[in-house]
Amino acid sequence: MSANFNVSPSPHIRDRVKSSNIMLFVVIALLPATFFGIYNFRHENAWLLVLVTTASAVLAEYIYEKLMHKPVTIQDFSAVVTGLLLALNLPPTLPLWMGALGSVFAIIVVKQLFGGLGQNFMNPALGARCFLLISFTGKMTYFVYDGVTGPTPLANLRAGEAVNTFDMMMGNIRGTIGETSVIAIMIGAMFLILMGVIDLRIPGTYIVTFVIFITLFGGHGFDPQYITAHLCGGGLMLGAWFMATDYVTSPITKTGQIVYGVCLGLLTGIFRLFGGSAEGVSYAIIISNLLVPLIEKITLPRPFGKGGER
């Protein structure tokens, strides 16, 4: 019993995969939707907005950490992911300074003021999107495609008008830079699944719950075209695969992830069918983020022998 043991704090299970590796995989997975969005909205110079928001996020993190005398963490790619996700959630005609302001808000207010990566209570990109939507509603709801302005297909669907679901799948529609092409989004999602970064539990539960909800309360029954239009519109796929699955703001327990997915589906359905906007994904994810501590408290397994019958 004379052997010496090395005692250290948790975590005791270590892995070669780092945060920077995971974030880099997410950046790669977002490239199909990014490149398609840049091409789709080339007349609006969408590439400039993507560049400005991403660069602003990285610069804001660097300056803040320098001023606060904290270790600089821009090499972990988390700021790049935040800036890129924010850009993909913005209309291509948004003024560049608003995109930069959103990036600064995401990094400083939502992320750094709460302790940095791993401490933020909501998805920074979605927090910034909602901030911009509240502050600049007109600019954030102004959509154009091929030089023609008008409502998004989801808004048309809400108004009872017919929509072209094939165009919605391909991405030849009005919307934000990264939400239009479901095919491009799914290419990136499949990459993340193959790399083991995400699994089907959260997005699968989210989508199934949402489909059940709009089938029961949408007034169209199980109408495949109606359901497909809802799934392809309004950033649901982008949110389900890339933002709802954020490690920091989603539950760690398997049961908790299922409960989380159900909450996402129910809230998105409520906002879309009964709310004042045709959208709902951003607010559904943020509210569900706030519910994560409660979900984990309920679903966290109890240690052996604790709380059991005597």
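Is Phe77 buried, partly exposed or exposed? I started my notebook with this one, and the model I opened is a predicted one.

**Entry 1: Phe77**

I looked up the accessibility of Phe77 and found 30%. Buried needs a value under 20% and exposed a value over 50%, so Phe77 counts as partly exposed at its 30%. Next I checked where Phe77 sits: its place is the loop between α2 and α3, the latter covering residues 78-88. Then I looked at the backbone. Phe77 has a positive phi of about 70 degrees, although this residue is not a glycine. I made a note beside that: most residues other than glycine have a negative phi.

**Entry 2: Asn45**

Which other loop residue did I check for its phi? I went to Asn45, which is not a glycine and yet has a positive phi of about 55 degrees. Asn45 lies in the loop between α1 and α2, where α2 spans residues 46-67. Its relative accessible area is 39%, so I wrote down Asn45 as partly exposed.

**Entry 3: Gly37**

I then moved to helix α1, residues 19-40, where Gly37 is found. How buried is Gly37? I read a relative accessible area of 0%, so Gly37 goes down as buried. I also looked for its contacts, leaving out residues up to four places away in sequence, and found that Gly37 touches Ala46 and Ile177.

**Entry 4: Thr82**

Helix α3 was my next stop, and Thr82 has its place there. Thr82 has 8% relative accessibility, so I count this threonine as buried. What does Thr82 touch, if residues up to four places away in sequence are not counted? I listed Ala106, Ile107, Pro124 and Ala125.

**Entry 5: Thr152**

Here I turned to a record. UniProt, in an unreviewed entry, places the feature "modified residue: FMN phosphoryl threonine" at Thr152. In the model, I found Thr152 in the loop between β2 (148-149) and α7 (153-158).

**Entry 6: His230**

I followed helix α11, residues 224-232, to His230. The relative accessible area of His230 is 5%, so I noted His230 as buried. I then asked which residues His230 is in contact with, leaving aside neighbours within four places in sequence. My list has Leu154, Leu157, Phe210, Ile214, Leu236, Arg272 and Leu273.

**Entry 7: the cavity**

How many cavities of 30 Å³ or more does a search of the whole structure find? I got one. The largest cavity holds about 50 Å³ of space. I looked up its lining and wrote down Asn89, Leu126, Arg129, Thr176, Glu179, Gly234, Gly235, Met243, Glu279, Val281 and Ser282. The elements giving two or more residues to this lining are α5 (124-135) and α14 (281-299). Sorted by class, the lining has three nonpolar, five polar and three charged residues.

**Last look back**

Gly37 is buried at 0%, whereas Asn45 is partly exposed at 39%.

Technical notes: Residues are numbered from 1 along each chain as its sequence is written. This is a predicted model: local features need pLDDT of at least 70, side-chain atom pairs count only at pLDDT 80 or more; totals for chains, interfaces and linings use all residues. Side-chain values use heavy atoms; hydrogens and water are left out. Helices (H or I, at least four residues) and strands (E, at least two) are DSSP runs, numbered from the N terminus. Buried means under 20% relative accessible area, exposed over 50%, partly exposed in between (1.4 Å probe, protein chains only). Contact means heavy atoms within 4.5 Å. On a 1 Å grid over the protein atoms alone, a cavity is a set of points where a 1.4 Å probe fits but cannot get out, and a pocket is an open set with protein on both sides within 12 Å along at least five of seven lines; lining residues have an atom within 4 Å of a point. Grid points are joined across faces, edges and corners, and a volume is the space filled by probe spheres set on the points. Ala, Val, Leu, Ile, Met, Phe, Trp, Tyr, Cys and Pro count as nonpolar, Asp, Glu, Lys and Arg as charged, and the others, Gly among them, as polar. UniProt positions are given in the numbering used here, feature names are shortened, and annotations may be inferred rather than shown by experiment.
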